[in-house]
Amino acid sequence: MTSARLHLDGQIHEFPVIHGTEDEVGIEIGQLRSQTGAITLDSGFTSTGACTSSITYIDGANGILRYRGYPIEQLAEESDFAEVAYLLLYGELPNAEQSAAFRADLTYHSMIHEDMKKFFEGFPPNAHPMAILSAMVASLSTYYPGTEKESRDANFVRLIAKIRTLAAYAYKKSIGQPTIYPRNDLSYGENFLHMMFAVPAEEYQVNPVMVKALNMLLILHADHEQNCSTATVRMVGSSRANIFAAISSGICALWGPLHGGANQKVLEMLEVMEKDGGGYQKWIDKAKDKNDEFRLMGFGHRVYKNFDPRATILRKMTGEVLEELGMEDPLLEIAKNLERVALEDSYFVERNLYPNVDFYSGILYRAMGIPTNMFTVMFAIGRLPGWLAHWKELREDESARIYRPRQIYTGPNERKYEPLAGRG
Ligand code: SDX
């Protein structure tokens, strides 16, 4: 199949068809408007592709997720976040020399300019850390104004290295504790946990179980093709705004409760259910009631119409980590029972609504001592390499044009201006 035909106003128009490496089919309609005067309309972009990409492949019907061809299950089990970040950015797993150099860069660029610490003093104590993170990431551009081409790889490292420090500083500020500087003897995950939980008064030993869990969580969140926040990063990148502005925009898009903000909403939902003690059917019925704005947070997905492979990994991992830490969390049982009841209900089955990546992640973050309002920050730390990889792919595409969607106007037709005196 090399072309598609469109019958419009008695005329036939042909458009080229492209096939991806996994046999996905796309109709190239860039010339539709110039050929026919018509545009397509696709609210929410359910059937519209913005680009071709070689970074991540998702098969929603079969619950497949691969980063640069590697199945998420293998990367989550056998790799670590720094290596996956390199893979997403550069397309291949690093060799020993590349891996050592990349990890050293992430270590030696984890400090932020001392003056940036003053920015934190201006935020109120209860400021949401996503507001702080987006502001601080955009502010990094004032310290690294270098031209894009010469500093592209350096900025990738700066952002991946420093986002942990900014996140941990935001947390320390929210609890009124002194900030803890990054250390050069700790790995990526160890450094983050140390900055989050160490206190000057005593030695903090990073728990290796938590480091492995953190690496798996960050890997699972590292990329997900053209999701809302990644599409936002590409949108801002297409105007050639600086990389810090593009990432700050992605952080803001991720914050939404329908997207990355869902992990915080899931935990809050489970806590309400625990307090309510009213069983599950009541909440299932509320989620099905069109007159009730309640949704089962952590359920449903635009692409996965079967299980989200990340949720499957997280469900198993959460139980294992809690057991290894000798912890129990009643919310895990509530989540598992809620999933069981929902997946026996025709409303969810008919709409292919399954748990997504956000459904279990919060329980794991909570077990690691991360507060609920930091959950979406954790998502942003994980998703950053994906955002950067897509930004890089867009900026290296010489044919890429500024994103500027069209519309169909439905407002008033032309009318004459009436001065105020004559308006009655
Ligand atoms: C992420 O895109 C990505 O890849 C995102 C992400 C990533 O890694 O980047 O995977 C991360 O954002 C996961 C999603 C986190 N969000 C939530 O858990 C919030 C709850 N879920 C939804 O609001 C919803 O399912 C979305 C936003 C995830 C998907 O929205 P869609 O594709 O626009 O689907 P929809 O809202 O049109 O729903 C289709 C139907 C509707 O019912 P009908 O109009 O057909 O009768 O399913 C219903 C919806 O009302 N529905 C739900 C529901 N999700 C969808 N009903 C109850 N509870 C839900 N959670």
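**View 1. Helix H4 of the predicted model, from end to end.** Helix H4, residues 96-108, has 13 residues and reaches 18 Å from its first C-alpha to its last, close to the 18 Å expected at 1.5 Å a residue (the expected span being 1.5 Å times one less than the number of residues; helices are DSSP runs of H or I with at least four residues, numbered from the N terminus). At the start of H4, the backbone nitrogen of glutamate 97 has a side-chain oxygen of asparagine 95 within 3.0 Å. This is a predicted model, in which local features need pLDDT of at least 70 and side-chain atom pairs count only at pLDDT 80 or more, whereas totals for chains, interfaces and linings use all residues. Residues are numbered from 1 along each chain as its sequence is written, and side-chain values use heavy atoms, with hydrogens and water left out.

**View 2. The two sides of H4.** Ser99, Phe102, Leu106 and Thr107 are buried in H4 (under 20% relative accessible area, with a 1.4 Å probe and protein chains only). Because these buried residues fall within an arc of 140 degrees seen down the axis of H4, they line one face of the helix (the arc being that of the directions from the helix axis to the C-beta atoms). On the other side, Glu97 and Tyr108 are exposed (over 50%). The cover over the buried residues includes helices H3 (81-90), H7 (148-174) and H8 (188-197).

How values were computed. Contact = heavy atoms within 4.5 Å. Polar contact = N/O pair within 3.5 Å; in protein donor to acceptor, adjacent residues only side chain to side chain.
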